[in-house]
Amino acid sequence: MNPCELTIRSQAFIDGEFAPAADGRTFATVSPRDGRELAQVARGDAQDIDRAVRAARRAFERGDWALADPAQRGRVLVALADLIVANLEELALLESLDTGHPISDARSVDVPNASRCFAWYGEAIDKVYGQIAPTAPDVLALISREPLGVVGAVVPWNYPLIISAWKLAPALAAGNSLVLKPAEQSPLSALALAELAGEAGIPPGVLNVVPGYGEEAGEALGRHPDVDKIAFTGSVAVGHRFQRYAGESNGKSVSLELGGKSPQLVLADAPDLDAAASAIGWGIFYNAGQTCHAGSRVIVARSIADELVARLQEQAGRFVPADPLVQSTVLGALISHEHLDGVIGHVERALADGARIIAGGERCEPVSGGAYMAPTLIQTEDPSLPIVQQEVFGPVLVIQPADDLDHALALANDTRYGLAAAVWTANITTAGRLARSLRAGTVWVNTFDAASLATPFGGMKDSGHGRDRSLHALDAYTQLKTTWISLA
Ligand code: NAD
């Protein structure tokens, strides 16, 4: 599809209709591919959030969604999944232009995965049973799940469609109404999704999308007294703000999916170093490293460190920054020049700290005006360096040689984060022991980033405590009710 043929939705979606911000203000959304403005988007603030929350509350109380037969809600979510696929080209192009993702990833990963997520919860929701408690025979005690009410979803810019789907699909399936606040850097696919949700049959007011800045729309949603829950994905600092907003407003529940600094442990008996190097390359350079669980640290047995580093250099050479709109591109743009400056700053600081740069480290400009960076490898022995401890969120891999298994495990756990980790070894006992000892929400063995909607995803430690995906995600969008019936 040609970008000129795109229909860009740029107004807020409230109560089933697109509308400008109440005060008429807008902000520019800019493509990191070439720095050009894509659209002026409604700049939602507290007034717009309030309109959206009121619409969501009215819709919830109307009950045409919240109290519908789960099979009916399921059919609508499956219809939405089908509409997403029917609009694949348009959605993929929007996502690629707005975020800099390679178009091939947007076509084969972002859009299909978002669609599958709606289908998965749509197909699952009429198979989720309540319980009967084991009480005395003259009592019938039922434990049922009810929706929470109005959910606020606040999402980041790195995978706008997929992360929105991870929150919207289980929350809608459970019968909630929502207000979604997309990131200001990438609001377009969420607005397109809202339109498709209306077409699929989600009643007006059940799904509202208010674009805007974090300090305006995001904070207003976090502090709104009639929001029952915030489902947040983003940085640790902002996640903690949402906990504060909740505490200072109505004590709403907050689930947090935050950052990461995920280690890949490559042991001396790793069965296939080529396979490990390839997975490590994809694990850090996919989406230019802007992935919460990116495998941004490699902890490698010293005896094989040189062999692995040589292979990683080859991998880095395969990820050539290029125009995201070209089908063969595997490394697109970073989200913005501002973010790119931050990533380059991390690399410069690492060099000043004495770390060794093995590859990359520089900006590139395959498309004039765009924000691109070469895949970067850095090696250090000092685990206390900021480049080892801080989330860089760019195509930057840190290599840390380890003396033995205990040293490798200590290095791996020496982080505030706990989102994911991987172990490469031929020894199943070692793999199992390490998996138990690694403080991470997901541990992969001899693979990286393998995933299914059937498995939960989320973090430990500062990476948060929410879980997206799987039936467990429904826990976050439902509350339990006990109904005690006397049979005496
Ligand atoms: P961010 O925290 O800056 O922004 C996330 C969202 O919060 C955006 O919608 C933003 O507008 C809003 N926001 C920002 N400041 C706010 C404020 N003061 N009050 C209310 N809302 C505010 O994060 P980002 O830069 O968009 O995304 C990158 C971060 O997201 C990284 O740390 C990454 O690891 C994390 N992330 C985590 C996961 C996960 O599942 N664990 C997935 C993707 C991204």
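**Salt bridges and their residues**

Modeller: Arg-107 counts as partly exposed, because its relative accessibility is 26% (buried means under 20% relative accessible area, exposed over 50%, and partly exposed in between, with a 1.4 Å probe and protein chains only). The model is predicted, so local features need pLDDT of at least 70 and side-chain atom pairs count only at pLDDT 80 or more, while totals for chains, interfaces and linings use all residues. Residues are numbered from 1 along each chain as its sequence is written, and side-chain values use heavy atoms, leaving out hydrogens and water.

Arg-107 forms a salt bridge with Glu-89, their closest N and O atoms being 3.0 Å apart (a salt bridge is a side-chain nitrogen of Lys or Arg within 4 Å of a carboxyl oxygen of Asp or Glu). Glu-89 belongs to helix α3 and Arg-107 to helix α4, so the pair ties together parts that are 18 residues apart in sequence; helices (H or I, at least four residues) and strands (E, at least two) are DSSP runs, numbered from the N terminus. Glu-89 is partly exposed, at 33%.

Another salt bridge joins Glu-216 to Arg-25, with the closest N and O atoms 4.0 Å apart. Here the link is between distant parts of the chain: Glu-216 is in helix α7, Arg-25 is in the loop between β2 and β3, and 191 residues separate them. Glu-216 has 22% relative accessibility and is therefore partly exposed; Arg-25, at 34%, is partly exposed. Both residues belong to a network of salt bridges that also links Asp-23, Arg-43 and Asp-45.

A search of the whole structure finds 29 salt bridges.
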